Amino acid sequence: MSVITRRTMLVGIAASPLLLHAAWAQPTNLKISHQFPGGSVAEGDFRDRLCRMFAAETERRTKGRVKFSIYPRSTLMKSDAQIPALAKGALDISLVPLSYAGADLPEVNIGLMPGLVTSYEQGYAWKNEEIGKEFNRMLADKGLIMLSWIWQAGGMASRGKPIVDPEDAAGLKVRGGSPEMDMILKEAGATVVSMPSNDIKSAMEKGQLDAAMTSSSSLISFRLDEVSKSVTTARGGTYWFMLEPLLMSRAAFERLPKDQQAVLLSVGADLEAFARKSAQQDDAAVAALFQGAGGRTVDLSQDSLRKWQELARATAWRDYGERNANCAKLLALAEKTIV
């Protein structure tokens, strides 16, 4: 072996720890995708703000070892593709309605089961109850990690009269948001139209929809007041509560060292209070928005809420519980939280 070759090898061996350290020191870059309008940490749709707050705080706590790129308005991928991409490890993080994956993962439809959750207190209590622990275990088996529990109440925007009781939906083309919500609408006599929330406004403008259920935040962010004459709000209680968490791919999560995993989980939990407060503020703000546009605003009475819940119990709940053993178990555990 020549002197030059031997010297080159020795230099390479001596330098390799430095090269390894440099590689280890490179920050991890994670992609966050969601379908909502983009803004800033301080302004805009609270779901986009939460993603930005999560990214900034995680980067701070990891001293820059974890960084993020955020893609709002489905600019990275289509809304319906996000949960399958998370499960396969093709996407790192998303804030997304779980019900979008209900066709392939029927268990997740427990997160938009009509009338099962009727208050924020009940929904957020799931996290520490048997239902929450079992649900997290099931999601992990499907390749998903819940970083933030985010519940949102929702209402019904209508191009015509307010939709208050089930019979008000008869003969209308309505978007429900989940197979179970669609089921009670069909039972009420409506024609169901399925689509992501970011497509509702266009469909209502074209006359493809007469009414649509969605979260208060989406009623505001997607400016449904511009295409609707009335809204039924969630201020006085609602049968429409949706679990729309900040989800992470289990594959991406498990690639991180334990200390970084702990930071992500901690930051996600800390942001749940912000999410709850913001969602409740939007429940009130949506009424003012529609009234300002000259629309009619109504709230659900307890009698109306009971009608929807009874309809759901006889149809959607029963159908969900019969789909598989996981669904039956989740439903039984969730029913324990009903006051």
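Colleague: Leaving aside its neighbours within four places in sequence, which residues is Pro-37 in contact with?

Modeller: In this predicted model, Pro-37 is in contact with Asp-45, Asp-48, Pro-72, Arg-73, Ser-221 and Phe-222, once its neighbours within four places in sequence are set aside. Pro-37 itself is found in the loop between β1 (28–33) and α2 (46–61).

Colleague: What makes Pro-37 count as buried or exposed?

Modeller: The relative accessible area of Pro-37 is 12%, and buried means under 20%, so Pro-37 is called buried. As for distance, the C-alpha atoms of Pro-37 and Ala-252 are 25 Å apart in space, and the two residues are 215 apart in sequence.

Colleague: Where is Met-242, and how do you know whether Met-242 is buried or exposed?

Modeller: Met-242 has its place in strand β10 (residues 241–243). Its relative accessibility is 6%, and the cut-off for buried is under 20%, so Met-242 counts as buried. Not counting residues up to four places away in sequence, Met-242 touches Pro-97, Gly-111, Leu-112, Ile-150, Trp-151, Gln-152 and Ser-215. Met-242 and Val-117 are 125 residues apart along the chain, and their C-alpha atoms are separated by 8.5 Å.

Colleague: What are α2 and helix α11 to each other, roughly parallel or roughly antiparallel, and why?

Modeller: Helix α11 (residues 272–292) packs against α2 at an angle of about 165°, and the two axes are 10 Å apart. Angles over 145 degrees count as roughly antiparallel, so α2 is described as roughly antiparallel to α11. The crossing of these two helices is right-handed.

Colleague: Which residues of α2 and α11 meet?

Modeller: From α2 come Phe-46, Arg-49, Leu-50 and Met-53, and they meet Phe-274, Ala-275, Ser-278, Ala-279 and Asp-282 in α11. Sorted by class, this contact has six nonpolar, one polar and two charged residues.

Colleague: What meets what between α5 and α13?

Modeller: Glu-130, Ile-131, Glu-134, Phe-135, Arg-137 and Met-138 in α5 meet Asn-326, Lys-329, Leu-330, Leu-333 and Ala-334 in α13. By class, the contact has six nonpolar, one polar and four charged residues.

Colleague: Which residues of helix α6 are buried, and what covers them?

Modeller: In helix α6 (residues 179–187), the buried residues are Glu-180, Met-181, Asp-182, Ile-184 and Leu-185. Their cover includes β5 (151–158), β6 (173–175), β7 (191–192), β8 (211–215) and α12. Just after α6, Gly-189 takes a positive phi of about 100°.

Colleague: Which residues touch the most other members of the largest nonpolar core?

Modeller: Phe-54, Phe-135, Tyr-239 and Met-248 touch the most other members of this core, which holds 105 residues. Helix α12 (residues 302–321) gives the most to the core, with seven residues. As general background, nonpolar side chains tend to be buried together in soluble globular proteins.

Conventions:
Residues numbered from 1 in each chain as written. Predicted model: local features only at pLDDT ≥ 70, side-chain atom pairs only at ≥ 80, totals over all residues. Heavy atoms only, no water. Core = buried A, V, L, I, M, F, W, Y, C linked by side-chain atoms within 4.5 Å. Buried < 20%, exposed > 50% of the residue type's maximum accessible area, 1.4 Å probe, protein only. Helix = DSSP H or I, 4+ residues; strand = E, 2+ residues; numbered from the N terminus. Contact = heavy atoms within 4.5 Å. Nonpolar A, V, L, I, M, F, W, Y, C, P; charged D, E, K, R; others polar. Axes fitted to C-alpha atoms, helices over the stretch in contact; angles between N-to-C directions. Parallel < 35°, antiparallel > 145°, perpendicular 65-115°, else oblique. Left-handed = near helix turned anticlockwise from the far one by under 90°.
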